[in-house]
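This briefing covers contacts that involve aromatic rings. The structure comes first, then the points by topic.

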Amino acid sequence: MNKDTNVVEIRHGVNSTTTFDVERIRADFPILDQSVYGKPLVYFDNGASAQKPRQVIDAMNDIMETNYSNVHRGVHALSQRSTEAYEAVRGKVARFFNAASENEIVFCRGGTEAINVVAYAYGRKFLSAGDEIVISHMEHHSNIVPWQMLRDEIGIVLRVVPIDDDGNFLLDDYAKLLSDKTKLVAMTHVSNALGTIVPIAEVIRLAHDHGARALVDGCQAVQHGAVDMQALDVDFYVFSSHKLYGPTGIGVLYGKEELLNSMPPFMGGGDMITSVSFEKTEFQQAPLRFEAGTPSIVEAIGMGAALDYLDAIGVDNISAHEEGILDYATERLSQVEGLKIIGQASDKAAIISFIMDGVHAHDIGTIIDRAGVAVRVGHHCAQPVMERFGIAATARASFGLYNTPAEVDTLVEALGAVREFFD
Ligand code: PLP
């Protein structure tokens, strides 16, 4: 990956001499050791959700077997242990992403909820009619719809940065869209439908030059390379744990501390207050003011274990492995008759969307499933991207740290069978 993108820039204190042994890594993922329709499973749907290593599963079981209780409330031993374990994850996330403080780490249900927290808590307080939000043509629906809801409610204006025919983000066009009306830039770091890596450091810098805040949707970025909050100087950054080899039900909203504390709560309830009377309620500072109610405790522990796991392997090692798979898969898929890759940006993460002449994407997915190969088919919650390329759907192979070149060969072979079926 390109240095300018700020993916793979910072090491997390990982031993750079670690060798990447994909077979040893695969052995950590119990689910991979199975057959589908009598064929070894090839899991290429990591962009939708990644599989979980034994270390994550064990950590979640372990807390439930030994230390589980509600957090922040109890004086008893289990509650204290559970609170300690839960809060330790906040510190882990802060260190992993080089946040200035763990107070900048808000736990949410996932990336979608994190964006919605910003739309509600930041958008409704700081934005008003006529203010502009800039997004790109390749956003996931979760970074479009919340802003449209805000537009319909308070009259903000949405501006969309175009992409070229290869799926490249057009930085010059982006710069031209910025003005003193721009109040927020909400941009994906990596496109889930195309794999394009957006030059996010530059995007943030230009937003700040215009006095705008920057939110980055990192749901497809954090699993592919290191991301440094302070180096990026980003205002908000969001991601989901389940694409990062952790469990569902938890994700992170990173926000600069003073910014989070300037925002009103998103939901009211227990845990987010310092005092309540019928006349008046005082709120906690961030992050707890955004975490009303009982949080996803077991899931937070699982996410912490996933970060430990990735740290031990080395995020840079994972990036290098995935780049190799991406290059190999791009070359092999390009040789498949009638196959067209949608999204050939100059800087890409390990995601390949493709279509085949005369074959519907759903048929591709269904036929290769019989060969044990799992890919995603459809519009990938990115309908404007499909519309941009004049297609209804693609098949998408998204690679993870446990995938191998031999699995790519299996995919290519299975696509040969698709071709034969339709010829
Ligand atoms: N943003 C991007 C780029 C995504 O790919 C996804 C999920 O596919 C999301 C946001 C939403 O993530 P979640 O459904 O985990 O909240």
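Which residues do ring pairs link into a cluster? They are F29, Y245, Y309 and Y402. The model is a predicted one. A pair of aromatic rings is described by the distance of the centres and the angle of the planes.

**Aromatic pairs**

- With ring centres within 6.5 Å as the rule for a pair, the count comes to 13 aromatic pairs.
- One of them is formed by F44 and F399, with 4.8 Å from centre to centre and 80 degrees between the planes, an edge-to-face arrangement.
- This pair links distant parts of the chain, 355 residues apart: F44 is in the loop between β3 (42-43) and α2 (54-67), and F399 is in the loop between β17 (394-398) and α14 (405-422).
- F44 and F399 are both buried.

- Y245 lies in the loop between β9 (236-240) and β10 (251-255), whereas Y402 lies in the loop between β17 and α14, so the pair ties together parts that are 157 residues apart in sequence.
- Both of these tyrosines, Y245 and Y402, are buried.
- Ring pairs join Y245 and Y402 with F29 and Y309 in the cluster.

**Arginines over tyrosine rings**

- R124 has its charged end over the ring of Y120, at 3.9 Å from the ring centre.
- R370 lies over the face of Y37, and the distance to the ring centre is 4.0 Å.

Conventions:
Residues are numbered from 1 along each chain as its sequence is written. This is a predicted model: local features need pLDDT of at least 70, side-chain atom pairs count only at pLDDT 80 or more; totals for chains, interfaces and linings use all residues. Side-chain values use heavy atoms; hydrogens and water are left out. Rings of Phe, Tyr and Trp (its six-membered ring) pair if their centres lie within 6.5 Å; planes under 30 degrees apart count as stacked, over 60 as edge-to-face and the rest as tilted. Helices (H or I, at least four residues) and strands (E, at least two) are DSSP runs, numbered from the N terminus. Buried means under 20% relative accessible area, exposed over 50%, partly exposed in between (1.4 Å probe, protein chains only). A charge sits over a ring if NZ of Lys or CZ of Arg is within 6 Å of the ring centre and within 35 degrees of the ring normal.
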